[in-house]
Amino acid sequence: MVPTRLDDARRVFEERMVGRVRYDSIYDPDTGDATADDIRRAADLAHRAHVAVVVIGLPPIAEAEGVDRDTLALPTAMNDLVTAVCAANPRTVVVLANGAPVLLPWAD
């Protein structure tokens, strides 16, 4: 199924919070992979922010109609990213962008 409209979280944040949003792309949107350096950079940005917002979800390869996934886990790098950002800034909001259930090992 092809959506008729997609909302872009980055654009919405930038429109509503002009001049107060710092954005950095940490993980590969096609695979969900990120390097340890990328995750450290995100934690550093989060430490300096009033509120950190992390947008994560399933990569396109895991989002399909009529196909069972092997796991409910998000890509490891996304879980590592959330854990690092939350440790750096207790005022972290995690936004999930996925069309199926996922495990959230860091949810506490």
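Predicted model: local features only at pLDDT ≥ 70, side-chain atom pairs only at ≥ 80, totals over all residues.
Residues are numbered from 1 along each chain as its sequence is written, and side-chain values use heavy atoms, with hydrogens and water left out. Local features need pLDDT of at least 70 and side-chain atom pairs count only at pLDDT 80 or more, while totals for chains, interfaces and linings use all residues.

**Stop 1: the core**

Select V54, I56, L74, L81 and V85. These residues have the most contacts inside the largest nonpolar core, which has 15 residues. A nonpolar core here is a set of buried Ala, Val, Leu, Ile, Met, Phe, Trp, Tyr and Cys residues joined through side-chain atoms within 4.5 Å. Buried means under 20% relative accessible area, exposed means over 50%, and partly exposed is in between (1.4 Å probe, protein chains only).

Now colour by element. Helices (H or I, at least four residues) and strands (E, at least two) are DSSP runs, numbered from the N terminus. Elements α2, β1 and α3 (76–88) each give two or more residues to this core. The largest share, 4 residues, comes from α3. In soluble globular proteins, nonpolar side chains tend to be buried together.

Stay on L81 and show its contacts, meaning heavy atoms within 4.5 Å. Leaving aside neighbours within four places in sequence, L81 is in contact with I26, Y27, I39, A42, V54 and I56.

**Stop 2: N89 and T92**

Select N89. It lies in the loop between α3 and β2. Is N89 buried or exposed? Its relative accessibility is 2%, so N89 counts as buried. Beyond residues up to four places away in sequence, N89 touches A46, A49, H50, V51 and A52.

A polar atom of the N89 side chain lies 2.9 Å from the backbone oxygen of A46. The backbone oxygen of N89, in turn, lies 2.5 Å from a polar atom of the T92 side chain.

Move to T92, in strand β2 (residues 92–96). T92 counts as buried because its relative accessibility is 19%. With neighbours within four places in sequence left aside, T92 is in contact with A52, V54, V85 and C86.

**Stop 3: salt bridges**

Show the charged side chains. A salt bridge is a side-chain nitrogen of Lys or Arg within 4 Å of a carboxyl oxygen of Asp or Glu. The count by this rule comes to 7.

Begin with R11 and E15. Their side chains meet in a salt bridge at 2.7 Å, N to O. Both lie in helix α1 (residues 9–16), 4 residues apart, about one turn of the helix. R11 counts as partly exposed because its relative accessibility is 38%.

Next, select D37 and R40 in helix α2 (residues 36–48). The closest N and O atoms of their salt bridge are 2.3 Å apart. The pair is 3 residues apart, about one turn of the helix. D37 is exposed, and so is R40.

D38 is buried at 18% relative accessible area, whereas R41 is partly exposed at 33%. Bring in D24 as well: D24, D38 and R41 are linked in a network of salt bridges.

**Stop 4: G32**

Select G32, in the loop between α1 and α2. At 1% relative accessibility, G32 counts as buried. Which residues is G32 in contact with, leaving aside neighbours within four places in sequence? They are Y27, P59, P75, A77 and M78. Then pick P60. G32 and P60 are 28 residues apart along the chain, and their C-alpha atoms are separated by 9.2 Å.

For another distance, pick R11 and V67. They are 56 residues apart in sequence and 31 Å apart in space, C-alpha to C-alpha.

**Stop 5: the surface patch**

Show the surface, then select F13, V21, Y23, V51, V53 and V93. Together they form a nonpolar patch with about 440 Å² of accessible area. Accessible areas come from the Shrake-Rupley method with a 1.4 Å probe; for residues, only the protein chains shown count as cover. Patches are made of residues with over 30% relative accessible area and no salt bridge: like charges are joined within 9 Å, nonpolar side chains (Val, Leu, Ile, Met, Phe, Trp, Tyr) within 5 Å.

Finish on V53. It lies in strand β1 (residues 52–56). V53 is partly exposed, with a relative accessible area of 39%.

Conventions:
Polar contact = N/O pair within 3.5 Å; in protein donor to acceptor, adjacent residues only side chain to side chain.
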